[in-house]
Amino acid sequence: MTFYVTTPIFYVNSTPHIGHAYTTIAADVLARHHRQRGEDTFFLTGTDEHGSKIAQVAEAQGLEPREFVDRMAGVWRELPARVNATNDFFIRTTDPGHVAVVQDFVQRMYDAGDVYEGTYSGLYCLGCEAFYSDGELDDGRCPQHGTVPEHFEEKNYFFRLSSYQERLLALYDENPEFVLPRVRYNEARSFIEQGLDDISISRGSQRWGIPVPWDPGQVIYVWVDALINYVSALSYAAGDTDLRPRFWPHVRHLLAKDILKFHCVIWPALLLAAGYDVPRQLFVHGYLLIDDRKISKSVGNVIDPLDLVSVYGVDPVRFFLLRVTPFGQDGSATIGGLHERYERELGNELGNLLSRTTAMIARYRGGRLPAAAWASPLRPALDRLGPEVAGRLDRFDLSGALDEIWSVVRALNRHVEERKPWQLAKAAAHAEELDRTLYDLADGLRVVAVALAPFLPDTAPRVLSGLGQSGDVAWGGVAYGQTVPAAGIEPVAPLFPRIDSPATVG
Ligand code: MSP
(Lines give C-alpha, C1' and ligand atoms only; values in the text may rest on other atoms or scores of the structure.)
Protein backbone atom coordinates (compact mmCIF):
# COMPACT_ATOMS: atom_id res chain seq x y z
CA MET A 1 0.00 0.00 0.00
CA THR A 2 1.10 3.52 -0.79
CA PHE A 3 0.03 6.61 1.10
CA TYR A 4 0.92 10.17 0.09
CA VAL A 5 -0.54 13.03 2.15
CA THR A 6 -0.26 16.79 1.62
CA THR A 7 -1.15 20.04 3.33
CA PRO A 8 -1.81 23.19 1.32
CA ILE A 9 1.39 25.12 0.78
CA PHE A 10 1.08 28.25 2.87
CA TYR A 11 1.47 31.84 1.73
CA VAL A 12 4.61 33.44 3.04
CA ASN A 13 3.15 36.93 3.29
CA SER A 14 2.07 36.13 6.84
CA THR A 15 3.40 33.98 9.66
CA PRO A 16 2.21 30.53 10.82
CA HIS A 17 -0.77 30.42 13.16
CA ILE A 18 -2.69 27.66 14.82
CA GLY A 19 -5.00 27.19 11.80
CA HIS A 20 -2.01 26.17 9.68
CA ALA A 21 -0.79 24.01 12.54
CA TYR A 22 -4.19 22.29 12.52
CA THR A 23 -3.89 20.97 8.95
CA THR A 24 -0.21 20.14 9.47
CA ILE A 25 -0.93 18.11 12.61
CA ALA A 26 -3.83 16.28 10.95
CA ALA A 27 -1.64 15.33 8.00
CA ASP A 28 1.09 14.21 10.37
CA VAL A 29 -1.26 11.94 12.32
CA LEU A 30 -2.28 10.26 9.07
CA ALA A 31 1.32 9.92 7.88
CA ARG A 32 2.49 8.44 11.18
CA HIS A 33 -0.48 6.08 11.27
CA HIS A 34 0.13 4.76 7.76
CA ARG A 35 3.80 4.24 8.61
CA GLN A 36 2.63 2.21 11.63
CA ARG A 37 0.72 0.04 9.20
CA GLY A 38 3.94 -0.55 7.28
CA GLU A 39 2.79 1.40 4.24
CA ASP A 40 5.05 3.24 1.83
CA THR A 41 4.31 6.77 3.03
CA PHE A 42 5.20 10.28 1.91
CA PHE A 43 4.14 13.50 3.64
CA LEU A 44 4.55 16.87 1.94
CA THR A 45 4.11 20.44 3.18
CA GLY A 46 5.72 23.73 2.22
CA THR A 47 5.31 27.33 1.11
CA ASP A 48 3.58 29.20 -1.71
CA GLU A 49 5.94 32.04 -2.58
CA HIS A 50 4.94 33.69 -5.86
CA GLY A 51 2.20 36.11 -6.84
CA SER A 52 1.33 39.76 -6.57
CA LYS A 53 0.26 39.63 -2.93
CA ILE A 54 3.70 38.47 -1.87
CA ALA A 55 5.46 40.90 -4.22
CA GLN A 56 3.49 43.75 -2.65
CA VAL A 57 4.28 42.79 0.93
CA ALA A 58 7.96 42.49 0.03
CA GLU A 59 7.90 45.91 -1.57
CA ALA A 60 6.18 47.42 1.45
CA GLN A 61 9.06 46.13 3.54
CA GLY A 62 11.61 47.53 1.11
CA LEU A 63 12.85 44.09 0.11
CA GLU A 64 13.34 42.27 -3.15
CA PRO A 65 10.75 39.44 -3.39
CA ARG A 66 13.52 36.84 -3.37
CA GLU A 67 15.05 38.22 -0.18
CA PHE A 68 11.66 38.44 1.48
CA VAL A 69 10.57 34.89 0.63
CA ASP A 70 13.92 33.44 1.70
CA ARG A 71 13.50 35.09 5.06
CA MET A 72 9.88 33.95 5.47
CA ALA A 73 10.52 30.40 4.30
CA GLY A 74 12.86 30.04 7.27
CA VAL A 75 10.00 30.97 9.61
CA TRP A 76 7.57 28.58 7.91
CA ARG A 77 9.99 25.69 7.92
CA GLU A 78 9.84 25.79 11.72
CA LEU A 79 6.08 25.14 11.78
CA PRO A 80 6.21 21.38 11.09
CA ALA A 81 9.22 21.01 13.38
CA ARG A 82 7.53 22.78 16.29
CA VAL A 83 4.38 20.66 16.10
CA ASN A 84 6.52 17.52 15.70
CA ALA A 85 5.33 16.86 12.17
CA THR A 86 7.35 14.30 10.24
CA ASN A 87 7.09 15.71 6.74
CA ASP A 88 9.35 13.93 4.27
CA PHE A 89 9.95 17.09 2.30
CA PHE A 90 9.32 20.83 2.55
CA ILE A 91 8.62 22.34 -0.85
CA ARG A 92 9.13 25.98 -1.76
CA THR A 93 7.61 27.13 -5.03
CA THR A 94 10.82 29.05 -5.68
CA ASP A 95 12.81 25.76 -5.78
CA PRO A 96 14.35 25.30 -9.24
CA GLY A 97 12.99 21.73 -9.32
CA HIS A 98 9.46 23.05 -8.88
CA VAL A 99 9.91 25.76 -11.51
CA ALA A 100 11.04 23.19 -14.08
CA VAL A 101 8.04 20.90 -13.50
CA VAL A 102 5.57 23.80 -13.59
CA GLN A 103 6.93 24.92 -16.95
CA ASP A 104 6.78 21.38 -18.31
CA PHE A 105 3.25 20.95 -16.94
CA VAL A 106 1.80 24.07 -18.57
CA GLN A 107 3.65 23.32 -21.79
CA ARG A 108 1.89 19.95 -21.88
CA MET A 109 -1.45 21.71 -21.40
CA TYR A 110 -0.55 24.09 -24.22
CA ASP A 111 0.56 21.26 -26.50
CA ALA A 112 -2.70 19.43 -25.79
CA GLY A 113 -4.58 22.42 -27.21
CA ASP A 114 -6.16 23.37 -23.89
CA VAL A 115 -4.61 26.84 -23.65
CA TYR A 116 -5.47 29.90 -25.74
CA GLU A 117 -4.71 33.61 -25.68
CA GLY A 118 -7.40 36.10 -24.71
CA THR A 119 -8.06 39.33 -22.88
CA TYR A 120 -9.09 39.27 -19.29
CA SER A 121 -11.23 42.03 -17.97
CA GLY A 122 -12.72 41.71 -14.51
CA LEU A 123 -12.41 42.00 -10.77
CA TYR A 124 -9.51 40.56 -8.84
CA CYS A 125 -9.09 40.06 -5.08
CA LEU A 126 -5.45 40.19 -4.15
CA GLY A 127 -6.07 38.47 -0.78
CA CYS A 128 -7.52 35.42 -2.56
CA GLU A 129 -5.35 35.80 -5.66
CA ALA A 130 -8.58 35.07 -7.52
CA PHE A 131 -11.01 36.60 -10.00
CA TYR A 132 -14.59 37.27 -8.99
CA SER A 133 -17.73 37.88 -11.00
CA ASP A 134 -20.19 40.51 -9.76
CA GLY A 135 -22.59 37.80 -8.60
CA GLU A 136 -19.97 36.24 -6.32
CA LEU A 137 -19.35 39.46 -4.37
CA ASP A 138 -21.14 40.64 -1.24
CA ASP A 139 -22.17 44.25 -1.87
CA GLY A 140 -19.26 44.59 -4.24
CA ARG A 141 -16.82 43.21 -1.69
CA CYS A 142 -14.83 39.97 -1.55
CA PRO A 143 -16.79 37.43 0.54
CA GLN A 144 -13.58 36.19 2.21
CA HIS A 145 -11.74 39.44 2.84
CA GLY A 146 -14.42 42.16 2.81
CA THR A 147 -12.23 44.25 0.53
CA VAL A 148 -13.20 45.82 -2.80
CA PRO A 149 -11.55 43.87 -5.62
CA GLU A 150 -9.48 45.73 -8.20
CA HIS A 151 -10.48 46.07 -11.81
CA PHE A 152 -8.06 44.25 -14.01
CA GLU A 153 -7.64 44.07 -17.78
CA GLU A 154 -4.83 42.48 -19.75
CA LYS A 155 -3.78 39.86 -22.24
CA ASN A 156 -3.71 36.44 -20.58
CA TYR A 157 -3.51 32.81 -21.46
CA PHE A 158 -6.66 30.88 -20.67
CA PHE A 159 -7.24 27.25 -19.82
CA ARG A 160 -10.29 25.57 -21.37
CA LEU A 161 -11.75 24.52 -18.03
CA SER A 162 -15.21 24.66 -19.62
CA SER A 163 -14.39 21.67 -21.81
CA TYR A 164 -13.69 19.50 -18.73
CA GLN A 165 -17.18 19.68 -17.26
CA GLU A 166 -18.30 16.28 -18.49
CA ARG A 167 -15.08 14.54 -17.49
CA LEU A 168 -15.21 16.07 -14.03
CA LEU A 169 -18.83 15.07 -13.53
CA ALA A 170 -17.99 11.53 -14.62
CA LEU A 171 -15.08 11.49 -12.19
CA TYR A 172 -17.34 12.53 -9.32
CA ASP A 173 -20.06 10.08 -10.30
CA GLU A 174 -17.70 7.14 -10.61
CA ASN A 175 -15.99 7.95 -7.37
CA PRO A 176 -18.46 9.01 -4.67
CA GLU A 177 -15.65 9.36 -2.13
CA PHE A 178 -13.42 11.49 -4.34
CA VAL A 179 -14.06 14.41 -1.98
CA LEU A 180 -14.91 13.93 1.68
CA PRO A 181 -16.90 14.78 3.72
CA ARG A 182 -20.04 14.33 1.63
CA VAL A 183 -21.21 17.92 2.07
CA ARG A 184 -17.98 19.10 0.40
CA TYR A 185 -18.38 16.55 -2.38
CA ASN A 186 -21.83 17.97 -3.05
CA GLU A 187 -20.53 21.52 -2.97
CA ALA A 188 -17.75 20.76 -5.46
CA ARG A 189 -20.03 18.74 -7.72
CA SER A 190 -22.58 21.51 -7.84
CA PHE A 191 -19.91 24.04 -8.88
CA ILE A 192 -19.15 21.75 -11.80
CA GLU A 193 -22.79 21.16 -12.60
CA GLN A 194 -23.49 24.89 -12.77
CA GLY A 195 -21.07 25.12 -15.69
CA LEU A 196 -17.43 26.12 -15.70
CA ASP A 197 -15.86 29.21 -17.23
CA ASP A 198 -12.42 29.07 -18.73
CA ILE A 199 -9.81 30.46 -16.35
CA SER A 200 -6.91 32.79 -16.87
CA ILE A 201 -3.64 30.99 -16.10
CA SER A 202 -1.08 33.75 -16.66
CA ARG A 203 -0.36 37.36 -15.77
CA GLY A 204 1.21 39.93 -18.05
CA SER A 205 1.54 42.75 -15.57
CA GLN A 206 3.61 40.88 -13.00
CA ARG A 207 7.20 39.82 -12.74
CA TRP A 208 7.25 37.73 -9.53
CA GLY A 209 6.36 34.30 -10.82
CA ILE A 210 7.37 31.49 -13.13
CA PRO A 211 7.72 32.57 -16.78
CA VAL A 212 5.29 31.04 -19.28
CA PRO A 213 7.60 28.82 -21.38
CA TRP A 214 6.27 29.87 -24.79
CA ASP A 215 5.86 33.55 -23.83
CA PRO A 216 8.35 34.62 -21.15
CA GLY A 217 6.74 38.06 -20.99
CA GLN A 218 3.99 36.47 -18.90
CA VAL A 219 4.21 34.63 -15.59
CA ILE A 220 2.10 31.63 -14.60
CA TYR A 221 -0.88 32.43 -12.38
CA VAL A 222 0.11 31.76 -8.77
CA TRP A 223 -2.65 29.22 -8.13
CA VAL A 224 -1.64 27.07 -11.11
CA ASP A 225 1.99 27.32 -10.00
CA ALA A 226 1.00 26.39 -6.42
CA LEU A 227 -1.25 23.41 -7.17
CA ILE A 228 1.46 21.77 -9.24
CA ASN A 229 3.63 21.54 -6.09
CA TYR A 230 1.89 18.28 -5.22
CA VAL A 231 3.41 16.68 -8.32
CA SER A 232 6.63 18.66 -8.69
CA ALA A 233 7.92 17.92 -5.18
CA LEU A 234 8.01 14.22 -5.97
CA SER A 235 10.31 14.85 -8.91
CA TYR A 236 13.20 16.24 -6.85
CA ALA A 237 12.53 15.53 -3.15
CA ALA A 238 14.71 12.41 -3.29
CA GLY A 239 17.55 13.90 -5.34
CA ASP A 240 17.96 12.03 -8.61
CA THR A 241 15.19 9.53 -7.92
CA ASP A 242 11.87 10.64 -9.36
CA LEU A 243 9.23 9.65 -6.83
CA ARG A 244 6.31 10.38 -9.15
CA PRO A 245 5.92 6.77 -10.37
CA ARG A 246 5.93 5.60 -6.74
CA PHE A 247 3.53 8.11 -5.15
CA TRP A 248 1.41 9.70 -7.86
CA PRO A 249 -1.64 9.46 -7.90
CA HIS A 250 -1.88 7.79 -4.46
CA VAL A 251 -2.33 11.19 -2.88
CA ARG A 252 -4.73 12.46 -0.25
CA HIS A 253 -4.92 16.24 -0.19
CA LEU A 254 -5.93 17.88 3.08
CA LEU A 255 -7.23 21.45 2.96
CA ALA A 256 -9.84 23.71 4.50
CA LYS A 257 -13.02 24.79 2.79
CA ASP A 258 -11.60 28.20 1.76
CA ILE A 259 -9.72 26.65 -1.14
CA LEU A 260 -12.15 23.90 -2.13
CA LYS A 261 -12.82 25.08 -5.68
CA PHE A 262 -9.15 25.31 -6.60
CA HIS A 263 -8.48 21.81 -5.32
CA CYS A 264 -11.67 19.92 -6.10
CA VAL A 265 -12.55 21.46 -9.46
CA ILE A 266 -9.61 23.22 -11.10
CA TRP A 267 -6.79 20.90 -9.98
CA PRO A 268 -8.20 17.64 -11.40
CA ALA A 269 -8.89 19.40 -14.71
CA LEU A 270 -5.35 20.80 -14.88
CA LEU A 271 -3.97 17.31 -14.25
CA LEU A 272 -6.11 15.76 -16.97
CA ALA A 273 -5.03 18.47 -19.40
CA ALA A 274 -1.35 17.83 -18.66
CA GLY A 275 -1.78 14.06 -18.97
CA TYR A 276 -1.54 13.14 -15.28
CA ASP A 277 -3.91 10.99 -13.26
CA VAL A 278 -6.28 12.81 -10.90
CA PRO A 279 -5.64 12.66 -7.14
CA ARG A 280 -6.94 9.67 -5.21
CA GLN A 281 -8.91 11.70 -2.68
CA LEU A 282 -9.38 15.12 -1.12
CA PHE A 283 -10.46 15.81 2.42
CA VAL A 284 -11.84 19.27 3.16
CA HIS A 285 -11.87 20.16 6.84
CA GLY A 286 -13.57 23.07 8.56
CA TYR A 287 -12.33 26.26 10.15
CA LEU A 288 -11.16 26.23 13.68
CA LEU A 289 -11.90 29.17 15.92
CA ILE A 290 -10.16 29.75 19.21
CA ASP A 291 -11.72 31.98 21.84
CA ASP A 292 -14.43 32.87 19.36
CA ARG A 293 -12.08 34.58 17.03
CA LYS A 294 -11.58 33.34 13.54
CA ILE A 295 -7.91 32.58 13.67
CA SER A 296 -7.06 33.52 10.18
CA LYS A 297 -4.51 35.98 9.02
CA SER A 298 -6.99 37.75 6.76
CA VAL A 299 -9.04 38.74 9.81
CA GLY A 300 -5.95 39.72 11.71
CA ASN A 301 -6.38 37.67 14.91
CA VAL A 302 -3.30 35.60 14.97
CA ILE A 303 -2.53 33.13 17.71
CA ASP A 304 0.93 31.74 17.42
CA PRO A 305 0.65 27.98 17.91
CA LEU A 306 4.16 27.99 19.19
CA ASP A 307 2.96 29.94 22.22
CA LEU A 308 0.47 27.23 23.21
CA VAL A 309 3.07 24.58 22.56
CA SER A 310 5.58 26.20 24.88
CA VAL A 311 3.06 26.31 27.72
CA TYR A 312 1.37 22.92 27.35
CA GLY A 313 3.83 20.92 25.27
CA VAL A 314 3.42 19.64 21.72
CA ASP A 315 1.43 16.48 22.44
CA PRO A 316 -1.33 18.21 24.43
CA VAL A 317 -1.81 20.81 21.68
CA ARG A 318 -1.96 18.10 18.98
CA PHE A 319 -4.42 16.13 21.11
CA PHE A 320 -6.62 19.09 21.89
CA LEU A 321 -6.90 20.42 18.34
CA LEU A 322 -8.02 17.06 16.98
CA ARG A 323 -10.22 16.16 19.93
CA VAL A 324 -12.09 19.39 20.47
CA THR A 325 -14.24 19.26 17.33
CA PRO A 326 -15.26 16.58 14.80
CA PHE A 327 -12.65 16.66 12.05
CA GLY A 328 -14.37 17.99 8.95
CA GLN A 329 -16.73 20.34 10.73
CA ASP A 330 -16.15 23.92 11.81
CA GLY A 331 -15.27 24.17 15.44
CA SER A 332 -14.66 26.62 18.17
CA ALA A 333 -12.45 26.16 21.15
CA THR A 334 -11.06 28.10 24.04
CA ILE A 335 -7.70 28.10 25.70
CA GLY A 336 -9.58 27.37 28.93
CA GLY A 337 -10.91 24.25 27.22
CA LEU A 338 -7.39 23.17 26.39
CA HIS A 339 -6.40 23.64 30.01
CA GLU A 340 -9.39 21.63 31.23
CA ARG A 341 -8.77 18.71 28.87
CA TYR A 342 -5.09 18.78 29.71
CA GLU A 343 -5.87 18.25 33.38
CA ARG A 344 -8.83 15.91 33.13
CA GLU A 345 -8.11 13.71 30.15
CA LEU A 346 -4.36 13.75 29.77
CA GLY A 347 -3.40 14.38 33.40
CA ASN A 348 -5.97 12.24 35.24
CA GLU A 349 -7.38 9.70 32.84
CA LEU A 350 -4.14 8.80 31.05
CA GLY A 351 -1.20 10.11 33.10
CA ASN A 352 -2.58 9.11 36.46
CA LEU A 353 -3.58 5.69 35.21
CA LEU A 354 0.01 5.02 34.18
CA SER A 355 1.38 6.38 37.46
CA ARG A 356 -1.03 4.26 39.51
CA THR A 357 -0.49 1.11 37.46
CA THR A 358 3.29 1.30 37.63
CA ALA A 359 3.19 2.25 41.33
CA MET A 360 1.08 -0.86 42.07
CA ILE A 361 3.39 -3.10 40.04
CA ALA A 362 6.33 -1.66 41.97
CA ARG A 363 4.68 -1.96 45.34
CA TYR A 364 2.82 -5.27 45.13
CA ARG A 365 5.11 -7.17 42.76
CA GLY A 366 8.53 -5.66 43.37
CA GLY A 367 8.48 -4.09 39.90
CA ARG A 368 7.96 -7.42 38.12
CA LEU A 369 5.24 -7.83 35.55
CA PRO A 370 4.64 -11.52 34.75
CA ALA A 371 3.08 -12.65 31.48
CA ALA A 372 -0.52 -13.24 32.47
CA ALA A 373 -2.67 -13.02 29.35
CA TRP A 374 -5.96 -14.81 29.98
CA ALA A 375 -9.59 -14.76 28.85
CA SER A 376 -9.85 -11.23 30.18
CA PRO A 377 -13.11 -9.29 29.93
CA LEU A 378 -11.01 -6.43 28.51
CA ARG A 379 -9.83 -8.51 25.59
CA PRO A 380 -12.73 -7.84 23.17
CA ALA A 381 -12.47 -4.05 23.54
CA LEU A 382 -8.70 -4.10 23.05
CA ASP A 383 -8.88 -6.45 20.05
CA ARG A 384 -11.56 -4.31 18.43
CA LEU A 385 -9.63 -1.09 18.85
CA GLY A 386 -7.13 -1.73 16.03
CA PRO A 387 -9.64 -2.22 13.22
CA GLU A 388 -11.95 0.47 14.59
CA VAL A 389 -9.30 3.17 14.79
CA ALA A 390 -7.76 2.23 11.43
CA GLY A 391 -11.22 2.31 9.86
CA ARG A 392 -11.89 5.77 11.28
CA LEU A 393 -8.55 7.08 10.07
CA ASP A 394 -9.19 5.64 6.61
CA ARG A 395 -12.25 7.89 6.55
CA PHE A 396 -10.20 10.86 7.89
CA ASP A 397 -12.24 10.75 11.09
CA LEU A 398 -9.36 11.75 13.31
CA SER A 399 -11.54 12.94 16.16
CA GLY A 400 -13.61 9.74 15.98
CA ALA A 401 -10.42 7.69 16.22
CA LEU A 402 -9.51 9.59 19.38
CA ASP A 403 -13.00 8.94 20.78
CA GLU A 404 -12.53 5.20 20.27
CA ILE A 405 -9.16 5.23 21.99
CA TRP A 406 -10.48 7.33 24.83
CA SER A 407 -13.35 4.97 25.50
CA VAL A 408 -10.70 2.32 26.20
CA VAL A 409 -8.79 4.69 28.47
CA ARG A 410 -12.01 5.20 30.44
CA ALA A 411 -12.72 1.46 30.53
CA LEU A 412 -9.26 0.93 32.03
CA ASN A 413 -9.94 3.54 34.69
CA ARG A 414 -13.20 1.79 35.57
CA HIS A 415 -11.36 -1.50 35.66
CA VAL A 416 -9.03 -0.26 38.40
CA GLU A 417 -11.96 0.93 40.48
CA GLU A 418 -13.86 -2.33 40.03
CA ARG A 419 -10.96 -4.71 40.64
CA LYS A 420 -9.48 -2.71 43.52
CA PRO A 421 -5.95 -4.14 43.28
CA TRP A 422 -5.15 -2.59 46.69
CA GLN A 423 -7.65 -4.99 48.25
CA LEU A 424 -6.53 -7.99 46.21
CA ALA A 425 -2.99 -7.32 47.46
CA LYS A 426 -4.07 -7.95 51.05
CA ALA A 427 -4.70 -11.68 50.67
CA ALA A 428 -2.34 -14.30 49.19
CA ALA A 429 -5.41 -16.18 47.91
CA HIS A 430 -5.94 -13.38 45.39
CA ALA A 431 -2.41 -13.45 44.02
CA GLU A 432 -3.37 -14.74 40.60
CA GLU A 433 -6.22 -12.28 40.27
CA LEU A 434 -3.88 -9.48 41.21
CA ASP A 435 -1.36 -10.62 38.57
CA ARG A 436 -4.07 -10.71 35.96
CA THR A 437 -5.42 -7.31 36.92
CA LEU A 438 -2.00 -5.67 36.84
CA TYR A 439 -1.24 -7.38 33.55
CA ASP A 440 -4.51 -6.20 32.01
CA LEU A 441 -3.91 -2.62 33.09
CA ALA A 442 -0.38 -2.68 31.71
CA ASP A 443 -1.51 -4.33 28.51
CA GLY A 444 -4.39 -1.91 28.09
CA LEU A 445 -2.01 1.02 28.54
CA ARG A 446 0.39 -0.52 26.03
CA VAL A 447 -2.40 -0.90 23.46
CA VAL A 448 -3.58 2.65 24.06
CA ALA A 449 -0.01 3.98 23.74
CA VAL A 450 0.50 2.29 20.35
CA ALA A 451 -2.89 3.51 19.10
CA LEU A 452 -2.15 7.04 20.36
CA ALA A 453 1.39 7.17 18.96
CA PRO A 454 0.42 9.16 15.84
CA PHE A 455 -1.43 11.71 17.99
CA LEU A 456 0.96 11.80 20.97
CA PRO A 457 4.32 10.87 19.47
CA ASP A 458 6.37 11.99 22.51
CA THR A 459 4.08 10.45 25.11
CA ALA A 460 3.62 6.99 23.58
CA PRO A 461 7.26 5.88 24.03
CA ARG A 462 7.24 7.16 27.62
CA VAL A 463 4.23 4.98 28.41
CA LEU A 464 5.82 1.97 26.75
CA SER A 465 9.16 2.34 28.48
CA GLY A 466 7.46 2.96 31.82
CA LEU A 467 5.89 -0.47 31.41
CA GLY A 468 9.20 -2.09 30.45
CA GLN A 469 8.08 -2.58 26.84
CA SER A 470 9.89 -1.86 23.59
CA GLY A 471 9.17 1.38 21.77
CA ASP A 472 7.82 -0.48 18.72
CA VAL A 473 4.55 1.11 17.61
CA ALA A 474 3.72 -1.21 14.68
CA TRP A 475 -0.04 -1.38 14.28
CA GLY A 476 -0.24 -5.11 14.94
CA GLY A 477 0.44 -4.22 18.59
CA VAL A 478 -3.04 -2.75 18.97
CA ALA A 479 -4.47 -6.04 20.30
CA TYR A 480 -4.74 -7.75 23.66
CA GLY A 481 -1.99 -9.84 25.18
CA GLN A 482 1.28 -8.72 23.60
CA THR A 483 2.78 -7.21 26.74
CA VAL A 484 5.97 -9.08 27.51
CA PRO A 485 7.20 -9.91 31.03
CA ALA A 486 9.21 -7.08 32.52
CA ALA A 487 11.15 -6.34 35.68
CA GLY A 488 12.38 -3.19 37.36
CA ILE A 489 9.16 -1.26 36.78
CA GLU A 490 9.10 1.88 38.90
CA PRO A 491 6.35 4.40 39.56
CA VAL A 492 6.26 6.72 36.55
CA ALA A 493 6.23 10.44 37.31
CA PRO A 494 3.16 12.32 36.04
CA LEU A 495 3.15 12.43 32.23
CA PHE A 496 1.30 15.74 32.28
CA PRO A 497 2.30 17.73 35.35
CA ARG A 498 -0.05 20.40 36.62
CA ILE A 499 0.16 23.80 35.01
CA ASP A 500 -1.07 26.65 37.13
CA SER A 501 -3.62 28.66 35.19
CA PRO A 502 -4.90 28.87 31.66
CA ALA A 503 -2.37 30.53 29.43
CA THR A 504 -3.26 33.81 27.87
CA VAL A 505 -2.06 33.97 24.34
CA GLY A 506 -2.62 36.85 22.04
N1 MSP B 1 -1.30 29.22 -0.69
C2 MSP B 1 -2.66 28.79 -0.67
C3 MSP B 1 -2.77 27.29 -0.82
C4 MSP B 1 -2.13 26.71 -2.04
S5 MSP B 1 -2.19 24.97 -2.04
C6 MSP B 1 -1.81 24.53 -3.59
C7 MSP B 1 -3.31 29.18 0.65
N8 MSP B 1 -2.48 29.44 1.66
S9 MSP B 1 -2.94 29.85 3.14
O10 MSP B 1 -1.71 30.21 3.80
O11 MSP B 1 -3.96 30.84 3.10
O12 MSP B 1 -3.47 28.53 3.82
C13 MSP B 1 -4.83 28.15 3.78
C14 MSP B 1 -4.97 26.84 4.53
O15 MSP B 1 -4.48 27.00 5.88
C16 MSP B 1 -6.38 26.33 4.73
O17 MSP B 1 -6.89 25.66 3.59
C18 MSP B 1 -6.18 25.40 5.92
O19 MSP B 1 -5.51 24.23 5.52
C20 MSP B 1 -5.24 26.21 6.78
N21 MSP B 1 -5.98 27.10 7.68
C22 MSP B 1 -5.83 28.46 7.74
N23 MSP B 1 -6.61 28.94 8.73
C24 MSP B 1 -7.31 27.94 9.30
C25 MSP B 1 -8.29 27.87 10.30
N26 MSP B 1 -8.69 28.93 10.97
N27 MSP B 1 -8.84 26.67 10.56
C28 MSP B 1 -8.50 25.55 9.84
N29 MSP B 1 -7.58 25.60 8.88
C30 MSP B 1 -6.91 26.75 8.63
O31 MSP B 1 -4.52 29.21 0.71
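Visitor: In which sense do strand 9 and strand 11 pair, and over how many bridges?

Guide: In this predicted model, strand 9 (residues 202–203) and strand 11 (residues 215–220) are antiparallel and are paired over 2 bridges.

Visitor: Which strand forms a hairpin with strand 11, and how many residues lie between them?

Guide: The hairpin is formed by strand 10 and strand 11, with 2 residues between them. Strand 10 (residues 211–212) runs antiparallel to strand 11 and is joined to it by 2 bridges, and within this pairing Val212 stands opposite Asp215 of strand 11.

Visitor: Turning to helices, why is helix 1 called roughly perpendicular to helix 12?

Guide: The term follows from the angle between the axes, because values of 65 to 115 degrees count as roughly perpendicular. The axes of helix 1 (residues 18–36) and helix 12 (residues 314–323) cross at roughly 95° and come within 10 Å, which makes helix 1 roughly perpendicular to helix 12. On the helix 1 side the contact involves Ile18, Tyr22, Ile25, Ala26, Asp28, Val29 and Arg32, while helix 12 contributes Arg318, Leu321 and Leu322. Sorted by class, this contact of helix 1 with helix 12 has 7 nonpolar, no polar and 3 charged residues.

Visitor: At what angle do helix 13 and helix 15 pack, and how far apart are their axes?

Guide: Helix 13 (residues 335–365) and helix 15 (residues 398–419) pack at about 45°, and their axes are 11 Å apart. That angle makes helix 13 oblique to helix 15, and the crossing in which helix 13 passes helix 15 is left-handed. Among the residues of helix 13 in this contact are Leu346, Leu350 and Leu353, and those of helix 15 include Trp406, Val409 and Val416. The class count for the contact of helix 13 with helix 15 is 8 nonpolar, 1 polar and 6 charged residues.

Visitor: How many aromatic pairs does the structure hold, and what describes such a pair?

Guide: In general, the distance of the ring centres and the angle of the planes describe a pair of aromatic rings. The structure holds 29 aromatic pairs, one of which is formed by Phe319 and Trp406, a tilted pair at 5.0 Å centre to centre with 50° between the planes. Since Phe319 lies in helix 12 and Trp406 in helix 15, the pair ties together parts that are 87 residues apart in sequence.

Visitor: Where is Glu193 found, and which residues is Glu193 in contact with beyond its neighbours within four places in sequence?

Guide: Glu193 belongs to helix 6 (residues 182–193), and, with neighbours within four places in sequence set aside, Glu193 is in contact with Gln165 and Leu169. Arg318, by contrast, is 125 residues from Glu193 in sequence and 38 Å from Glu193 in space, C-alpha to C-alpha.

Terms used. Residues numbered from 1 in each chain as written. Predicted model: local features only at pLDDT ≥ 70, side-chain atom pairs only at ≥ 80, totals over all residues. Heavy atoms only, no water. Helix = DSSP H or I, 4+ residues; strand = E, 2+ residues; numbered from the N terminus. Contact = heavy atoms within 4.5 Å. Axes fitted to C-alpha atoms, helices over the stretch in contact; angles between N-to-C directions. Parallel < 35°, antiparallel > 145°, perpendicular 65-115°, else oblique. Left-handed = near helix turned anticlockwise from the far one by under 90°. Nonpolar A, V, L, I, M, F, W, Y, C, P; charged D, E, K, R; others polar. Pairing = 2+ DSSP bridges. Phe/Tyr/Trp six-rings, centres within 6.5 Å; stacked < 30°, edge-to-face > 60°.
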